[in-house]
Amino acid sequence: MNKKIFLFGVCLLFIQLLWAQETEKGIRFIDNEPWEKVLKKAKKQHKPIFVDCYTSWCGPCKQLAKDVFTREDVGQFVNEQFVSVKYDVEKENGLNFARQYRDQISAFPTLLLIQTDGTVMSRIVGAYPAEEILQSIKDGLEGKTWQKMAQEYEAGKRDYNFIIDYLNRLSIAGEDKKYEEVRHSYVKSFPIDSLLNRQIWDLGKDYIRNPKTEEYQFLLHHLNEFANRGFNRYDLEWTLAILSFYPISDIVKESLKDRNSAKKETWMKELKELEKMLEKPIKKFPEYLAYTRLEQSYLEGDTEELAYRLIYLGENHLLDMLDWEKAWIEYVIDHLSDKQLLRRCVDYLQGKQTANEEGNDWIINNCYSVLAKGYAKLGEQAKAEACSRRAVEVDKQNKEKLNF
């Protein structure tokens with residue numbers, strides 16, 4: 001019996017030693033101790049402090065703790081150079097620390113390198129691969145910070161490699177506003193045709209934000225040149241298309257709330273400008289051109305033209321925004337006196353609703369109330385009542401699925 005206990009004790013000791021060896025590989029953190037106590041320890045050891053600010057709900061924080069802080073190379077360097085502490089900033093000692101350094105902590109995870117007098121040397125915001133984290137820690141320890149690079153930038157240094165390094169350090173430090181300011185200024189310092197240069201493109205492509213920007217128009221009118229230089233034409237056309245859709249969508253959504261808004265004249269002007277641009281042979285432009293023309297008919301109150309356009313464009317498979325079509329057809333039903341044309345619109349919407357339900361458990365667009373209104377105006381009361389009942393059923397089904 002004593003021999004069994006002895007062997008069990010040996011095994012337990014062996015397991016503990018193995019566990020200790022594993023934990024020694026990573027960073028040895030002081031866990032949520034008062035900041036004053038950590039400072040005293042750092043001063044005694046003549047070491048700066050490495051601080052991990054995290055929360056219990058932060059996924060990237062857990063990723064760092066699991067994949068980065070446990071690495072042997074990271075642990076070896078940080079343990080030699082720093083006193084390390086980790087703070088759950090939603091608990092007492094962590095919360096006190098976060099209040100003291102509130103200007104430095106705006107997102108999680110935040111890693112701080114702090115001198116023994118309490119001043120911040122460097123900051124890392126976000127989860128990055130271990131190699132990047134380790135290099136950033138080394139740079140901070142050596143004084144290679146974004147603040148120092150800012151001085152060189154203000155003195156006029158502008159070579160590409162310097163700018164990329166500066167932007168990278170701003171990004172890692174969570175200096176988003178400064179990052180955007182430097183990047184935008186650098187891109188704007190070049191002629192617009194510099195976007196054809198891959199390096200400038202990588203920095204400037206995010207400024208192609210809407211059709212009114214100079215960058216968007218340059219890409220639109222020089223698409224072949226971009227393709228000839230090896231850019232992916234499919235991706236470029238998709239960028240042009242989706243960015244042209246946003247202003248159309250904004251106008252349609254606002255006008256469906258109030259067609260007679262004071263913005264109506266402005267909307268019409270914007271749609272005319274978009275219409276001219278969308279005539280170019282770019283992927284998805286024909287569909288978006290269809291929406292601009294439908295919206296113009298709607299804003300102008302030309303009910304007959306709106307009805308004909310809906311039917312023609314829909315039957316040619318240029319429309320796939322059923323919620324918009326439903327709203328436009330309801331407007332047609334409310335204002336059109338031509339029963340034959342009204343019949344075509346109602347039949348068209350009925351066909352779209354049927355197709356929308358085929359194979360779908362979730363009926364996203366419920367057009368039955370509008371169909372009920374249409375059949376009622378056509379004098380087909382039985383169909384109108386059936387559609388009204390179906391509208392209630394669909395709403396009930398959707399609510400049940402949502403609650404489930």
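# Why is it called that?

Student: What makes Asp88 count as buried?

Tutor: Asp88 has a relative accessible area of 4%. Buried means under 20% (over 50% is exposed, in between is partly exposed; 1.4 Å probe, protein chains only). So with its 4%, Asp88 is buried. One heads-up: this is a predicted model, where local features need pLDDT of at least 70 and side-chain atom pairs count only at pLDDT 80 or more, while totals for chains, interfaces and linings use all residues. Residues are numbered from 1 along each chain as its sequence is written, and side-chain values use heavy atoms, leaving out hydrogens and water.

Student: Where does Asp88 sit, and what is it in contact with?

Tutor: Asp88 belongs to strand S3, residues 83-88 (helices are DSSP runs of H or I, at least four residues, and strands are runs of E, at least two, numbered from the N terminus). Skipping neighbours within four places in sequence, Asp88 is in contact (heavy atoms within 4.5 Å) with Asn32, Tyr54, Thr55, Ser56, Gly94 and Leu95. Asp52 is 36 residues away from Asp88 in sequence, yet their C-alpha atoms are 8.5 Å apart.

Student: Why is Ile49 called buried?

Tutor: Its relative accessible area is 0%, so Ile49 is buried. Ile49 is part of strand S2, residues 49-54. Beyond four places in sequence, its contacts include Trp35, Phe82, Val83, Leu112 and Ile114. Thr116 is 67 residues from Ile49 along the chain, but 7.1 Å from it in space, C-alpha to C-alpha.

Student: How do you know that H13 and H15 are roughly parallel?

Tutor: H13 is residues 233-257, H15 is residues 285-300, and their axes come within 10 Å, crossing at roughly 20°. That angle makes H13 roughly parallel to H15. The cut-offs: under 35 degrees is roughly parallel, over 145 roughly antiparallel, 65 to 115 roughly perpendicular, and the rest oblique.

Student: Which residues do H13 and H15 bring together?

Tutor: Leu240, Phe245, Ile248 and Val252 are among those in H13, and Phe285, Tyr288 and Tyr291 are among those in H15. By class, this contact has twelve nonpolar, three polar and one charged residues.

Student: What makes H17 and H18 roughly antiparallel?

Tutor: The axes of H17 and H18 (residues 339-357) come within 10 Å and cross at roughly 155°. Therefore H17 and H18 are roughly antiparallel to each other. From H17, the contact takes Leu322, Glu325, Lys326, Ile329, Val332 and Ile333, and these meet H18 residues including Tyr348, Leu349 and Lys352.

Student: Why does Glu325 count as buried?

Tutor: Glu325 has 0% relative accessibility, so it counts as buried. Glu325 lies in H17, residues 322-335. Neighbours within four places aside, Glu325 is in contact with Leu310, Leu319, Asp320, Tyr348 and Lys352.

Student: Which residues of H11 are buried, and what do they pack against?

Tutor: H11 covers residues 214-221, and Glu215, Tyr216, Phe218, Leu219 and Leu220 are buried there. The buried residues of H11 pack against H9, H10, H12, H13, H14 and H15.

Student: What is the mean pLDDT of the chain?

Tutor: The mean is 92, and 93% of the residues reach 70 or more. Over residues 10-23 the pLDDT is below 50, and this stretch has zero contacts in the model beyond near neighbours in sequence. pLDDT is the predictor's confidence in each residue, from 0 to 100.

How values were computed:
Axes fitted to C-alpha atoms, helices over the stretch in contact; angles between N-to-C directions. Nonpolar A, V, L, I, M, F, W, Y, C, P; charged D, E, K, R; others polar.
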